[in-house]
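Welcome! Here is a short tour of one protein chain, for someone meeting it for the first time.

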Amino acid sequence: MVRQFKAPSTLALSRSGLREMEDGDVPAVTELFRRYMARFDMVPLLEEEDVRHQFLSGRGKGEREASTGRRQGQVVWTYVVEASFSTTFLCQ
């Protein structure tokens, strides 16, 4: 099972602008989230502070450890992909 579902060491998205979400991405992610959720009848209404809490509060503290690739106390990994036309897309 481990061999069958192992992710490649270099992801195709990493070559297309994939990076960890930062605080500066919150306005764009909030807008993208609202536009996406508009297609459903019943959705959570998230303001920028809610998005910041939901996607950034579990990042842990300090720098990533080389051996594990995670920070102390990290429970959330949120990534964005920057498209060439300056719009930020959310990946989690």
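## An aromatic pair

Y36 has a relative accessibility of 40%, so it counts as partly exposed; buried means under 20% relative accessible area, exposed over 50%, and partly exposed in between (1.4 Å probe, protein chains only). F40, also at 40%, is partly exposed as well. A search of the whole structure turns up one aromatic pair. The ring centres of Y36 and F40 are 5.5 Å apart and the planes meet at 65°, so this pair is edge-to-face. Rings of Phe, Tyr and Trp (its six-membered ring) pair if their centres lie within 6.5 Å, with planes under 30 degrees apart counted as stacked, over 60 as edge-to-face and the rest as tilted.

## About the model

This is a predicted model, in which local features need pLDDT of at least 70 and side-chain atom pairs count only at pLDDT 80 or more, while totals for chains, interfaces and linings use all residues. Residues are numbered from 1 along each chain as its sequence is written, and side-chain values use heavy atoms, leaving out hydrogens and water.

## Layout and core

The chain has two helices and three strands, running β-α-α-β-β from the N terminus on. Helices (H or I, at least four residues) and strands (E, at least two) are DSSP runs, numbered from the N terminus. Of the 92 residues, 23% count as buried.

Which residues make up the largest nonpolar core? They are M21, V26, V29, F33, M37, L46, V51, F55, L56 and V80, 10 residues in all. Such a core is a set of buried Ala, Val, Leu, Ile, Met, Phe, Trp, Tyr and Cys residues joined through side-chain atoms within 4.5 Å. Helix α1 (26-37) and α2 each supply at least two residues of this core, and α1 gives the most, with four.

In helix α2 (residues 48-56), the buried residues are V51, F55 and L56. Seen down the axis of α2, they fall within an arc of 85°, so they line one face of the helix; the arc is that of the directions from the helix axis to the C-beta atoms. The face turned away from this buried side carries the exposed residues E49 and H53.

## Salt bridges

Six salt bridges are found in the whole structure, each a side-chain nitrogen of Lys or Arg within 4 Å of a carboxyl oxygen of Asp or Glu. R71 and E20 form one of them, at 3.0 Å from N to O. R71 lies in the loop between α2 and β2 (79-82) and E20 in strand β1 (residues 18-20), so the pair ties together parts 51 residues apart in sequence.
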